[in-house]
Amino acid sequence: MNTYIKGSTRLIGLLGNPVKHSKSPHMHNLCFEKLGLDYVYMAFGIQDNLIGKSVDAMRILNFKGFNVTMPHKQRVMDFLDEISEDAKIIGSVNTVVNNNGRLIGYNTDGRGFVKALEEEGQGFKDEKIIIIGAGGASKSISIQLAFDGAREVVLFNRTTHKAQEISDIINKEMPNSKARALELDEKILKKELKDSKVLINATSIGMKDTIDKSVITSPNILHKDLFVADIIYAPSKTKFLFQAEEVGCRTMNGTSMLLYQGALAFKMWTGKDMPIEDVKERIF
Ligand code: ATR
């Protein structure tokens, strides 16, 4: 049981639906306790039509900030006072900071992925990056990579027009980066991979319902100089990552992205660096 909650303790929250599976409360509360910070983190399952009222409640209760997860990442933007430039371009918010009563929205998902790549020592600036998938996660990651200096971002998706929408945003907003959208065809993917350094699976294929599936059928389309990342963290190694290892690629699962998107939010709320090693040891 927590024994450190006092009259001065400030709340930080998570708004989503569902939230029961979330690792964020454990991660942040562990760090508050470790660093002796006077905060407590709670998760709230909120129905779609109640997101505005929930944000108002957080203002009234003087929350220091909150995370936002599916399905509220877009709608929450209507109820905030300010949105950071990159979150505006990405079109969704996962972290809100209460700055003396003003609620400011940020997106740390893509930045979390970039930090994870950097931790692996994998360069992406001036490189060509290939991303499979065009949902919310892909959008945050691909736009952030372009924002931070990737030369070219090529998006493959089953539903090509969704990849095209992300590609159009990058081409419009980031003139130093070029983006293209292509249909999910392995022959085309193999060709595009030849001069690429990083391949990312940002689809949900490989998660629990599709645990025996991969977004590619054959590892032969990969080459050993590729760095291959999956945003999935459960299972810790997807079939896609097993295929990449078979070819000799270096790989990364989704754990570090999850960790660093949280660490970036933690820093914004508390001004302190998250004790990453403790979190890795105790939670992941
Ligand atoms: P998230 O917010 O986690 O990114 P999402 O927005 O639902 O989740 O996106 C899921 C991604 O996985 C999409 O790119 C989706 O492809 P479509 O846009 O064509 O739906 C992709 N995906 C899911 N199941 C897939 C499957 N069986 N084959 C190919 N792509 C799949």
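Visitor: How many aromatic pairs does the count come to?

Guide: In this predicted model, the count comes to four aromatic pairs. One of them joins Tyr-41 and Trp-269.

Visitor: What makes Tyr-41 and Trp-269 a pair, and why is the pair called tilted?

Guide: The ring centres are 6.1 Å apart, and the cut-off for pairing is within 6.5 Å. The planes stand at 55°; stacked needs under 30 degrees and edge-to-face over 60, so the pair is tilted.

Visitor: Which parts does this pair tie together?

Guide: Tyr-41 belongs to strand 2 (residues 39-45) and Trp-269 to helix 9 (residues 255-270), so the pair links parts that are 228 residues apart in sequence.

Visitor: How do you know whether Tyr-41 and Trp-269 count as buried or exposed?

Guide: Buried means under 20% relative accessible area. Tyr-41 has 1% relative accessibility and therefore counts as buried; Trp-269, at 2%, also counts as buried.

Visitor: Which residues form one aromatic cluster?

Guide: Phe-32, Tyr-39 and Phe-266 do.

Visitor: Which residues meet between helix 5 and helix 6?

Guide: Ser-138, Lys-139, Ser-142, Ile-143 and Ala-146 of helix 5 meet Ile-166, Ile-169 and Ile-170 of helix 6. By class, this contact has five nonpolar, two polar and one charged residues.

Key: Residues numbered from 1 in each chain as written. Predicted model: local features only at pLDDT ≥ 70, side-chain atom pairs only at ≥ 80, totals over all residues. Heavy atoms only, no water. Contact = heavy atoms within 4.5 Å. Helix = DSSP H or I, 4+ residues; strand = E, 2+ residues; numbered from the N terminus. Nonpolar A, V, L, I, M, F, W, Y, C, P; charged D, E, K, R; others polar. Phe/Tyr/Trp six-rings, centres within 6.5 Å; stacked < 30°, edge-to-face > 60°. Buried < 20%, exposed > 50% of the residue type's maximum accessible area, 1.4 Å probe, protein only.
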